[in-house]
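I opened this entry to look at one interface and at the confidence of one chain. My notes follow the display.

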Amino acid sequence: MVDLSTRYMGLPLEHPLVASAGPLTKELDGIKRLEDGGAAAIVMFSLFEEQIRHEAAAAEHLSEVGSESFAESLSYFPSIGGFQVGPERYLELVRRARESVGVPIIASLNGSSDDGWVEYARLLCQAGAAAIELNVYFVPADPSLTGANVEQRYLDILGAVRSEVPVPVAIKLGPFFSSFANMAKRLDDAGADGLVLFNRFYQPDFDLERREVVPALELSTPREARLPLLWLGVLHGQLRASLAASTGVESPVEVVKYLLAGADVVMTTSSLLRHGAGHLAELRAGLETWLSAHDYASVAQARGSMSHRKVSDPTAFERGNYVRALESYDSRRPSR
Amino acid sequence: MARAFATIDGNEAAASVAYRLNEVCAIYPITPSSTMAELADQWSAERKPNVWGSVPTVVEMQSEGGAAGVVHGALQAGALTTTFTASQGLLLMIPNMYKIAGELTPAVFHVAARAIATHALSIFGDHSDVMSVRSTGFALLCSSSVQEAHDFAAIAQAATLRSRVPFVHFFDGFRTSHEVAKIELLSDADLRALVDESQVLAHRKRALSPEHPVVRGTAQNPDVFFQSREASSPFHAAVPNLVAECMDELANRTGRRYAPFDYFGDPNAERVLILMGSGVETARETIDALRALGERVGVVQVHLYRPFDARRFLHALPTSARSVAVLDRTKEPGAPAEPLYMDVALALSEAQGRTAPQLIGGRYGLGSKELTPAMIKAVFDELGKVAPKRRFTVGIDDDVSGSSLSVDPGFVTESERTVRAVFFGLGSDGTVGANKNSIKIIGSEAGYAQGYFVYDSKKSALRRSHTCASVPIRSAPPTWCSGRASSRATNGGCSSARTCSSTLRRARRCCSTRRTARARSGTSCRTTSNSASSSEASRSG
Amino acid sequence: MIDAGEVARRAGLGGRTNTIMQTCFFAISGVLPREAALAKIRGAIEKSYAVKGREVVRKNFEAVDLTLSSLARVPVPEAVTSRRYRLPLVGDHAPPFVREVTARMMAGRGDELPVSAFPVDGTYPSGTARWEKRGISRVVPVWEPDVCIQCGNCSLVCPHAVIRAKFYPDKRLEGAPAPWKSAPIDARGFPEIRYSLQVYVDDCTGCALCVEVCPARDKQDSSRRAINMAAKDPVVAAERENIQFFESLPWNDRSRVDFSTVRGAQFLEPLFEFSGACAGCGETPYLKLASQLFGDRMVTANATGCSSIYGGNLPTTPWAKNAAGRGPAWSNSLFEDNAEFGLGLRLAADAHLEQARGLALELQDLIGRELVAEILGAKQRLESELRAQRARVDELKKRLTARAGPRPLALLSVADHLVRRSVWIVGGDGWAYDIGAGGLDHVLASGRDVNVLVLDTEVYSNTGGQASKATPLAAVAKFSAGGKSTGKKDLALQAISYGDVYVARVAFGANPQQTLLALREAEAYPGPSLVIAYSHCIAHGINMQHGLSQQSLAVSSGYWPLLRYNPAARASGENPFSLDSGAPRTRFREYAYNELRYRMLQQASPTHAEELMKRAEEAVTRRWATYAEMAGRGG
């Protein structure tokens with residue numbers, strides 16, 4: 001019997017497979033299914049501050065437009081009990097999830113204003129979130145904004161939230177920092193309880209016929225696992241914060257790889273969207289099979305066993321490996 | 001020119017004129033008016049032209065509401081349009097009637113007046129349907145006999161085109177609609193003389209047309225709705241004169257003289273009845289009998305009920321009248337009184353320079369309850385009392401509210417020269433047909449004849465046919481214009497059959513003592529069949 | 001004094017100035033002590049807007065503060081000092097009734113009008129909306145001739161007939177005002193012909209549907225289209241001048257315009273204009289298009305509802321007439337009887353046509369046999385044929401006028417019917433699906449040549465969004481606050497079941513060309529026709545600017561399949577049923593959840609919403625299968 005248990009930001013988990021923020025968590029039913037499917041913890045879909053603001057404004061506007069202007073139709077919509085805009089609905093979902101499922105519920109927050117981050121984080125905590133994941137989604141499109149400005153923004157947000165809420169706080173971030181390891185270290189120093197590698201940036205597409213920018217979102221694939229794999233391997237053992245691997249988990253192979261690189265937990269949404277919540281159990285079984293086939297007694301034993309510091313050739317993570325990769329690419333070029 | 005006669009029922013009498021004076025008929029069946037629509041449909045299928053040479057379009061709709069919609073549309077598009085209905089059907093037309101009247105659109109709806117279903121459905125006659133459309137802005141013109149149903153159909157059409165106010169032309173369901181009588185027909189020439197083609201063209205000119213588009217049926221705000229609602233008042237005010245004018249023109253051509261309010265009886269009557277519809281005929285007959293006994297009684301017959309012309313009404317009512325009873329064939333629970341009573345009361349209360357008579361009012365004849373001379377006499381008797389009942393019913397025994405007047409069943413007003421017969425038939429045994437035949441034979445060969453048929457509500461059951469002929473047999477056309485005596489000879493004689501033999505009890509008693517033949521057809525009058533469950537003439541689904 | 005609109009904008013309240021004006025009132029009226037009043041207002045805001053979210057409350061609080069800092073005192077002089085006088089509401093060139101009655105109502109002085117000012121029978125003149133320049137929008141579309149491809153889409157979708165196009169010989173440019181814009185017409189072989197698009201800026205409601213639908217992009221800057229919203233103030237003077245010149249150009253000859261394309265239809269004069277409908281209304285473009293295509297032969301029966309209110313509410317009404325004085329004659333009977341009312345219009349027209357034909361034959365020696373034969377034999381399907389028939393009927397009337405006598409007079413009174421009349425029965429889903437369903441069914445079964453246009457907003461829009469049988473499964477509406485749990489009635493299939501009814505389902509935002517085709521086929525079909533038109537509506541809870549994209553999504557998701565059922569096709573052995581939109585390629589929920597009417601339930605009771613949504617999606621799939629099967633049948 002392999003011991004699969006792990007800890008994430010101090011939360012004891014039965015095993016390292018966590019459902020990441022995604023559409024399945026938008027309803028209580030989905031959250032329950034994730035638990036039934038075998039998630040060790042569940043990260044809720046992100047509460048977007050501006051979406052809430054926008055929704056509140058839109059609902060306000062749409063339900064009021066045309067009202068009180070014509071004697072026959074003083075309004076156009078019924079008042080429905082339970083119809084709420086703003087964070088209340090999200091908070092209610094957190095509350096109900098907390099009551100209905102046994103595994104920890106991690107709320108995810110994507111703020112836009114300084115006040116918003118703190119205010120909503122506090123509300124999420126009160127609603128019963130076991131931890132909070134800050135999903136700092138930020139496209140620095142302003143050319144006058146320096147890299148240092150951007151980094152400081154992450155640190156400020158984390159610092160502000162960290163000092164206001166009693167539960168663990170993770171930060172989910174992208175890889176686009178000049179010195180990612182340094183950035184990770186500074187977040188660790190600023191009190192991050194966990195780092196989630198990585199969030200997937202919105203990369204819009206163009207509709208050439210209409211000449212319009214259109215949203216485009218695709219599910220992640222195992223190929224995308226390599227970037228987090230690199231950085232997990234680099235960071236393992238160098239930080240106090242827990243590490244969560246996200247992106248590109250499709251099969252037990254990626255799960256094992258992430259753990260060996262040093263992840264405390266492995267998160268997935270895409271594979272669950274493709275295969276259903278029950279896929280978690282398959283991932284778990286696959287992990288267990290691999291560990292036991294390779295004579296590991298526990299996840300703890302395997303974790304980080306291939307990290308930067310542990311592999312026989314640490315250059316594999318660094319520049320040397322890149323050179324090798326370029327060389328091997330040539331030789332593997334398919335013949336025609 | 002020799003005038004043509006025909007022995008037909010009230011429905012046909014009205015439909016024959018309506019069809020000939022219209023271009024579109026929107027129809028839907030409802031008892032007792034269905035025959036009018038059926039005839040129109042039949043004539044249209046036979047390509048019978050109207051008086052202007054075109055064949056009217058007849059279209060059956062999915063409800064009276066739909067028929068009224070078609071009527072409204074066809075009128076707005078400039079076609080002369082009519083419909084035939086009753087009771088619930090008329091109620092379904094009310095929304096459109098307000099529109100049609102509000103837009104000053106000439107049209108005539110022919111109504112065989114019938115009870116409205118309340119605690120129970122009744123397919124039989126009274127005025128509760130037409131009373132429900134008093135406020136629509138339609139003029140209400142009432143016929144009391146088959147002949148009038150024929151004549152007033154024409155007067156209504158002529159008057160509506162002259163006044164632009166639409167008319168409901170109504171007569172009592174079954175009592176008049178199904179009564180077969182010999183009447184003098186209006187020729188196409190009569191109709192064309194009454195209905196001036198220039199008014200038909202004027203109606204067409206007002207039609208909605210893309211050639212000169214306008215907007216109708218607007219929605220208006222509080223700033224102008226009220227004023228523009230008042231703009232049509234002069235048109236309604238002009239109606240009584242125009243109706244009288246049409247009546248005079250008809251009289252000049254045919255000799256049959258009518259007025260918006262007719263009076264019959266002692267010129268110095270002290271006691272006067274006011275009512276409308278077929279009951280007037282009974283009243284006239286009774287008055288004859290009472291006057292023969294020296295009583296000073298009379299009746300005001302209401303023909304044009306709306307617009308209610310108080311001036312003409314007061315003119316018709318003898319100033320000698322000391323007490324007046326208004327008989328309403330409808331019931332408005334909760335109202336201070338029935339509608340005709342209230343109109344009369346208001347006219348009297350506003351009358352200048354005359355002493356208001358004592359006024360009482362009562363209900364009669366709901367759901368085709370018969371009105372007999374004895375009942376009329378009971379009302380006159382009541383009028384003679386020092387303290388008469390101010391509100392009463394007559395024809396029933398109301399031992400709950402105590403409203404009813406007591407009636408002396410021994411009072412009869414039979415003409416010695418009348419032959420009456422009651423035939424009992426079983427469902428579909430041909431009794432009714434044979435009687436109609438007999439009436440036509442008498443009508444065409446012998447004199448004036450009239451028949452009335454009493455039906456069970458069971459689809460196949462006992463029925464009675466009343467056949468009556470006036471004697472002596474006339475060989476020349478009646479002198480309608482010479483006054484009421486001769487008209488009474490016809491109408492009065494026949495109505496005695498209607499009234500006297502209206503109940504089996506009386507018919508049985510009378511037939512042996514008078515020259516009344518009584519015949520039986522079928523096995524026994526007691527044989528009733530319970531096989532069918534729904535009423536014979538109830539509204540089809 | 002305060003610029004409440006500006007304060008509302010700064011506070012993020014959009015057009016809602018209620019809190020601001022309330023604050024002003026209490027701040028200056030002295031009804032309550034100022035501070036106490038402000039505290040009460042804040043309390044009221046908290047109470048009123050709590051359900052709408054913290055954000056709304058915050059913005060309103062902000063608005064209170066901004067109001068107090070923006071409120072300025074204006075000294076009122078003892079005597080009037082201004083030398084400016086109000087211009088009359090309508091110009092001297094308006095018809096007398098408009099000047100004397102309509103204008104007084106417009107000025108809010110209708111109460112002063114006496115009884116004698118009014119028509120006795122409720123008949124009002126056509127085309128009065130053009131006299132009421134409401135100027136309600138601060139942004140208006142501005143045309144860019146260099147980018148424009150002259151497709152006509154903007155003109156077609158404009159709910160208020162504010163965007164119009166004409167082509168004309170370039171020599172007309174000589175009299176054009178300085179700001180006049182034009183482009184060579186985009187058609188080969190007409191180098192001397194110019195094209196101009198005119199925006200009636202004072203009639204625009206600023207809905208921006210025109211911008212949404214514009215397919216043309218500046219090659220250098222894809223954000224610039226051929227028509228773009230811009231502030232009205234800088235352009236208004238120039239555009240007024242342009243409008244005047246535009247109106248001096250004649251409307252293009254109807255028989256030279258290609259009716260079959262959206263591009264061609266823009267050159268037809270709209271005879272439904274400047275209605276009082278909501279900005280971005282999804283119903284009015286259909287009516288406007290019908291008025292362009294058939295307006296000069298059209299009689300309209302209009303069911304009570306939105307279309308009868310924006311179509312017929314005084315003081316001013318949008319149904320108009322052309323320079324020859326012809327246009328749609330319009331009437332509203334009731335809510336429940338509209339189909340029957342329209343049938344009545346048809347029956348009368350048919351009866352009078354029959355009389356006219358009979359009288360023409362009877363009087364042919366008087367009129368001239370050749371003319372009578374031509375009139376009676378005319379086909380009147382194409383515009384050129386209709387034009388020729390009009391000329392013949394005019395000639396007939398001329399010849400008749402010279403003759404006295406009852407028969408010629410009788411023929412004169414019905415001669416107009418010899419030009420084929422187009423009877424339209426228009427109403428919303430409340431009428432067609434519910435209260436008037438029996439009558440509509442009966443009229444469709446009548447075999448008569450009527451054209452029914454159902455403006456389907458899927459709720460009783462006029463009375464404030466109550467559910468009808470057109471309300472779709474899973475949508476929230478009043479009287480269906482828990483989400484509609486039964487499906488929308490398939491009115492098209494019901495009508496198709498008769499076999500001899502022309503039926504089309506259209507959505508101009510998804511496929512304007514198909515809409516145009518369907519309206520024309522419906523009108524040409526010599527029996528009853530039914531066109532069911534998707535009409536986006538404020539009762540859907542959408543930004544009306546996105547009405548067209550919602551229509552597209554409704555179609556692409558398979559929720560609103562575009563179809564035509566033309567019994568006339570049977571004559572040539574073809575399948576009368578054609579499916580004009582492709583198989584579903586987006587999900588129904590992607591369409592639905594853009595709309596508050598669906599989203600409300602999703603937020604209020606997600607599980608129930610999901611249940612209904614699944615059923616709705618199944619229903620879409622099922623219905624598509626039925627249609628696909630029908631479309632696959634042989635003739």
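These are my look-ups, interface first and confidence second.

**Interface of chain A and chain C**

I kept in mind that this is a predicted model. I started with the contacts. I found 33 residues of chain A in contact with 40 residues of chain C. Next I looked up the area. Chain A and chain C bury about 3,300 Å² between them. Carbon and sulfur atoms carry 55% of that area. I then asked which residues of chain A lose the most area to chain C. They are A:Tyr76, A:Phe77 and A:Arg211, together 19% of what the chain A side buries.

I turned to specific pairs. I searched for salt bridges across the interface of chain A and chain C, and the rule finds zero. I also looked up polar contacts between the two chains. The count is two residue pairs, both at pLDDT 80 or more.

**Make-up of the chain A side**

Which helices of chain A each supply at least two residues of the side that touches chain C? I noted helix 2 (49–64), helix 3 (88–100) and helix 4 (114–127). Helix 2 of chain A gives the largest share, nine residues. I got 13 nonpolar, seven polar and 13 charged.

**Confidence in chain B**

Chain B averages 85, and 83% of its residues score at least 70. I flagged residues 471–541 of chain B, where the pLDDT is below 50. Beyond near neighbours in sequence, that stretch has 157 contacts in the model.

Definitions and conventions. Residues are numbered from 1 along each chain as its sequence is written. Chains are lettered from A and ligands numbered from 1 in the order in which they are written. This is a predicted model: local features need pLDDT of at least 70, side-chain atom pairs count only at pLDDT 80 or more; totals for chains, interfaces and linings use all residues. Side-chain values use heavy atoms; hydrogens and water are left out. Contact means heavy atoms within 4.5 Å. Buried area is the accessible area (1.4 Å probe) that two parts lose on being put together, summed over both. A salt bridge is a side-chain nitrogen of Lys or Arg within 4 Å of a carboxyl oxygen of Asp or Glu. A polar contact is a pair of N or O atoms within 3.5 Å; within protein, one must be able to donate a hydrogen and the other to accept it, and residues adjacent in sequence count only if both atoms are side-chain atoms. Helices (H or I, at least four residues) and strands (E, at least two) are DSSP runs, numbered from the N terminus. Ala, Val, Leu, Ile, Met, Phe, Trp, Tyr, Cys and Pro count as nonpolar, Asp, Glu, Lys and Arg as charged, and the others, Gly among them, as polar. pLDDT is the predictor's confidence in each residue, from 0 to 100.
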